[in-house]
Amino acid sequence: MRNSSLTLLLGLLLLGGLGCGDDRGSGRSVTPPPPDAKVTLEEIAETGTLGDLKDKLRAQIEAMSEAQPEKAEELMTDYQQLVSQSSADDIRAKAQAMAEKL
């Protein structure tokens, strides 16, 4: 009786220990938050000028290419159209449309 109780106790302890490892290999995917491109686009839409934000926006869109390649490619096409605009109203409209995609 004592032997079976000890065996049962050891079995329960062993079973309780299973599944207590870390969960690194579970294949969970974590999507990082989008870069600050939306904030930058909103600022451009507010001012109607690209100025110093032009290079910053390009870098932010490029940073998205690893996590969201399709979205980054679409935004880069829009970016090319944005920088070709000359009027403040056109810049505002394009920047707002791009911000809404994020």
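A residue is called buried when its relative accessible area is under 20%. The exercises below apply this and related terms to a predicted model.

**Exercise 1. Determine which secondary structure elements the chain contains and how much of the chain is buried.**

Solution. Begin with the elements: the chain has five helices and zero strands. Reading along the sequence then gives the pattern α-α-α-α-α. Next, consider burial: of the 102 residues, 23% count as buried. The accessible surface amounts to about 7400 Å², and carbon and sulfur atoms hold 53% of this surface. Finally, turn to contacts with a separation of 6 or more: 52% of them join residues 24 or more positions apart.

**Exercise 2. Decide whether Ala 95 is buried or exposed, and find its contacts.**

Solution. First, locate the residue: Ala 95 lies in helix H5. Second, apply the cut-off: the relative accessibility of Ala 95 is 0%, so Ala 95 counts as buried. Third, list the contacts: beyond neighbours within four places in sequence, Ala 95 meets Leu 41, Ile 44, Ala 45 and Leu 82.

**Exercise 3. Describe how H2 and H5 are arranged relative to each other.**

Solution. Two packed helices are described by the angle and the distance between their axes. For H2 and H5, the axes come within 8 Å and cross at roughly 155°. An angle over 145 degrees counts as roughly antiparallel; H2 and H5 are therefore roughly antiparallel to each other. Their crossing is left-handed. On the H2 side, the contact involves Lys 38, Leu 41, Glu 42, Ile 44, Ala 45, Glu 46 and Thr 47. On the H5 side, Ile 91, Arg 92, Ala 95, Gln 96, Met 98 and Ala 99 take part.

**Exercise 4. Apply the reasoning to the pairs H4 with H5 and H2 with H3.**

Solution. Take H4 and H5: their axes come within 10 Å and cross at roughly 170°, so H4 and H5 are roughly antiparallel. H4 contributes Leu 75, Asp 78, Tyr 79, Gln 81 and Leu 82 to the contact, while H5 contributes Ile 91, Lys 94, Ala 95 and Met 98.

Now take H2 and H3: the axes come within 9 Å and cross at roughly 150°, so this pair is roughly antiparallel as well. H2 passes H3 in a left-handed crossing. The contact joins Ala 37, Thr 40, Leu 41, Glu 43 and Ile 44 of H2 with Leu 53, Lys 56, Leu 57 and Gln 60 of H3.

Methods: Residues numbered from 1 in each chain as written. Predicted model: local features only at pLDDT ≥ 70, side-chain atom pairs only at ≥ 80, totals over all residues. Heavy atoms only, no water. Helix = DSSP H or I, 4+ residues; strand = E, 2+ residues; numbered from the N terminus. Buried < 20%, exposed > 50% of the residue type's maximum accessible area, 1.4 Å probe, protein only. Contact = heavy atoms within 4.5 Å. Areas by Shrake-Rupley, 256 points an atom, 1.4 Å probe, with all protein chains shown as cover. Axes fitted to C-alpha atoms, helices over the stretch in contact; angles between N-to-C directions. Parallel < 35°, antiparallel > 145°, perpendicular 65-115°, else oblique. Left-handed = near helix turned anticlockwise from the far one by under 90°.
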